[in-house]
Amino acid sequence: MSHKDDDAVQLTVIARSPFHIYYEGPAKRVSATNKVGPFDILPEHADFFSVMSPGDVVIETESDTMQFSISNGIIGVRDNEVMIFANM
Amino acid sequence: MRRANVIQKETEQIVTVEDLTGVFESIASTQVAKIKNKVELSKGFFNLLWKRYSSIRIDPNSRITNRDDNKKWDRKVFVIISAEAGLSGDIDQRLIEAMLQNYDKSTTDIIVLGSHGANQLSQRGIPFIRYFQVPVSESYIDVSPVIQAIASYSQVTIYYEEYVSLGVQDIKTIDLISSVRAMSEEADTDEDIITDKDTIFEPSLEEIADQMEMTMMTLAFSQVILESSLAQDASRFNAMAMAKKRASEMVTSYNLEYHRAKRSESDRRLREVMVSLKKKKQAARR
C-alpha cells in the first residue's frame, strides 16, 4: 500500500467510559498499553481485541492530540473502527 | 381562640419549612436531570460494548452464568435497591411490600442496598444476610462487592424502582442472570462472528469474553441502580412538592387565623374600653 493511501484512510474512534465520552471521531493513531506492553493502532491495523492495562490512552487526530488516563478497559479494533471501553 | 403572637410565631416556623422544602424540591429536580443524563450515557456504552461482544461471543448459553463452582442451587437471592436516605415518599415501602409477596424465608436470602430499605426490613423483623450502601459516585458505580455476594446464587432477582415520569414511579423486578442471558440470546446483530483465526486477541478470546461479560453484568446492575436513584429522586421531588404545597396551605390558613385573632383582640379591647367608659359615665351621673 502506498504512503498516499495510508494518509487517506483514517480510524474511527469511540472512546467511552460508562458515564463519560472521551472522544468520538476520526483519528490517525491510538496508543495504549496492555499486558504485553505499549501498542499503537494505525489505519489498516489487523482486527484486534485486548484488555488494556492502567495508564494513558493517546488519540492523535489531524489537528490535535488528546490523552486521558484509564484504570482498566477493553479495546476492540475492527475494520478501522476502534472502540475503547474504559474505567468499567 | 389562640393569641395572635402565638399564631405569628408558628406561621414563621411554617414559612421556614416551606422555604426548606422548596430547596429540597429544586435539589431533587436537579438530581433527576443529572441521573437521566447518566442513564442515557450508560445505555449508549452498554450498546456499544454489546456490539463488540456479540461479534466475539462463543456460546452464550454456557457462559455469563454458571461460572461459580460453589453455586447454591437450592437457594435464591432477592436484591432490594432502596434509597440511602429518607424523605423519598413511600416508594421504598412499596418496594418492600412487593418483595414480601414472593418472599419465602426457607428458600430465599435477602441482600439490601440502601439504609432506608434496611431500616424498613428491620422494623418489620425481616432478616437480610448482607447490607450495602448504594454504590453511586460521580464517575462510576462500583458494584463489584454486590456482584461477588450474589455470584454463588443460581437465581438473582432484583427489586428496584423504575422512573416512568416525574409523577409516576413503578416497582419492577428483573432476574439479573436470565436477563443478561436473554440479551445474549437475542444478540442477533448484524455483526459477523469473529474468531481467533482472523483476529488478534491479547490475552485469549476466552479471557476477553469473560471480562466483557463481567462488565455487562456490572453495567446491567449499575443501570438498575441508576434507574432506582432516578425514581427515588423523582419520588423525593414529589414528596417535597407535596410538603411545600401543604406548608403553603398552612401558611394561608395561619395568616387567616392570625388576622381573625388580631381582629378579635382589638374587638375585645374596644369592648373593654366601651364598658369602662359606660361605667365612668354611670359613676359621673351618680
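Helices (DSSP runs of H or I, at least four residues) and strands (runs of E, at least two) are numbered from the N terminus. By that count chain B has six helices and six strands, and chain A has one helix and nine strands. This is a predicted model, in which local features need pLDDT of at least 70 and side-chain atom pairs count only at pLDDT 80 or more, while totals for chains, interfaces and linings use all residues. Residues are numbered from 1 along each chain as its sequence is written, and chains are lettered from A and ligands numbered from 1 in the order in which they are written.

**Chain make-up**

- The elements of chain A follow the order α-β-β-β-β-β-β-β-β-β from the N terminus.
- In chain B the order from the N terminus is α-β-α-β-α-β-α-β-β-α-β-α.
- A residue is buried if 20 or more other C-beta atoms lie within 10 Å of its own, exposed if 12 or fewer, and partly exposed in between, with C-beta atoms placed from the backbone.
- Buried residues are 32% of the 88 residues in chain A and 30% of the 286 residues in chain B.
- Two residues are in contact if their C-beta atoms, placed from the backbone, lie within 7 Å.
- Of the contacts in chain A between residues at least 6 apart in sequence, 45% join residues at least 24 apart; for chain B, 82% of the contacts with a separation of 6 or more are between residues 24 or more positions apart.

**Nonpolar cores**

- A nonpolar core is a set of buried Ala, Val, Leu, Ile, Met, Phe, Trp, Tyr and Cys residues joined through C-beta atoms within 7 Å.
- The largest one has 40 residues, of which B:Val79, B:Ile80, B:Ile81, B:Ile158 and B:Tyr159 touch the most other members.
- Elements of chain B that give two or more residues to this core include strand S1 (72-81), strand S4 (153-163) and helix H6 (205-285).
- H6(B) provides the largest share of this core, eleven residues.
- Leaving aside residues up to four places away in sequence, B:Ile80 touches B:Leu95, B:Met99, B:Ile110, B:Val112, B:Leu113, B:Gly117 and B:Tyr159.
- Another core, of 30 residues, lies apart from it and includes A:Val30, A:Ile70, A:Phe85 and A:Ala86.

**Interface between the chains**

- 20 residues of chain A are in contact with 25 residues of chain B.
- On the side of chain A that touches chain B, S5(A) gives the most, with four residues.
- Strands pair if DSSP finds at least two bridges between them; S5(A) and strand S6 (residues 200-202) of chain B pair in the parallel sense over three bridges.
- A:Phe49 has B:Phe201 as its bridge partner in S6(B).
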